[in-house]
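Subject: The structure for you to look at

Hi,

Here is the structure I promised to pass on. Have a look at it first, and then read my notes below.

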Amino acid sequence: MDNLKGKRVLLYARVSTTEQKDKGYSLPQQKDYLMDFCNKHECEVVQYYEEDYTGSHFDRPEFKKLIKLVSQKKEHID
């Protein structure tokens, strides 16, 4: 993963149940892990998204925002 330096990335964290929030999969913990990874590999975080929605479908507001940003190609995202 040495080739990530300088890459522009979007981050997305999601939990779908209260149990996940309470048992170590909380959004802040996920964000910390993702940010640490990006810092370690010198990636530029363009945007961070998070939400509390089921993963059984893609009808999730923040996920839709992420997809819209990528599809509009207004931002360079690697």
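Let's start with a charge and a ring: Arg-60 lies over the face of Phe-63, at 4.8 Å from the ring centre. "Over" has cut-offs here: NZ of Lys or CZ of Arg has to be within 6 Å of the ring centre and within 35 degrees of the ring normal. Lys-31 does something of this kind too, with its charged end over the ring of Tyr-48, 4.8 Å from its centre.

Before you go further, know that this is a predicted model, where local features need pLDDT of at least 70, side-chain atom pairs count only at pLDDT 80 or more, and totals for chains, interfaces and linings use all residues. Residues are numbered from 1 along each chain as its sequence is written, and side-chain values use heavy atoms, with hydrogens and water left out.

Now back to Phe-63. How many aromatic pairs does a search of the whole structure find? There are 2. The partners come from distant parts of the chain, 51 residues apart: Tyr-12 is in strand β1 (residues 8-15) and Phe-63 is in helix α3 (residues 61-72). For the terms, rings of Phe, Tyr and Trp (its six-membered ring) pair if their centres lie within 6.5 Å; planes under 30 degrees apart are stacked, over 60 edge-to-face, and the rest tilted. Ring pairs also bring in Phe-58, giving a cluster of Tyr-12, Phe-58 and Phe-63.

Buried means under 20%, exposed over 50%, and partly exposed in between (1.4 Å probe, protein chains only).

As for β1, 6 of its 8 residues are buried, so the strand is largely enclosed by the rest of the structure. β1 pairs with strand β2 (residues 44-52) in the parallel sense, over 8 bridges; strands pair if DSSP finds at least two bridges between them. Within this pairing, Leu-10 stands opposite Gln-47 in β2.

Finally, the overall plan. The protein has 3 helices and 2 strands, in the order β-α-α-β-α from the N terminus. Both are DSSP runs numbered from the N terminus: helices are H or I with at least four residues, strands E with at least two. Of the 78 residues, 26% are buried.

Cheers
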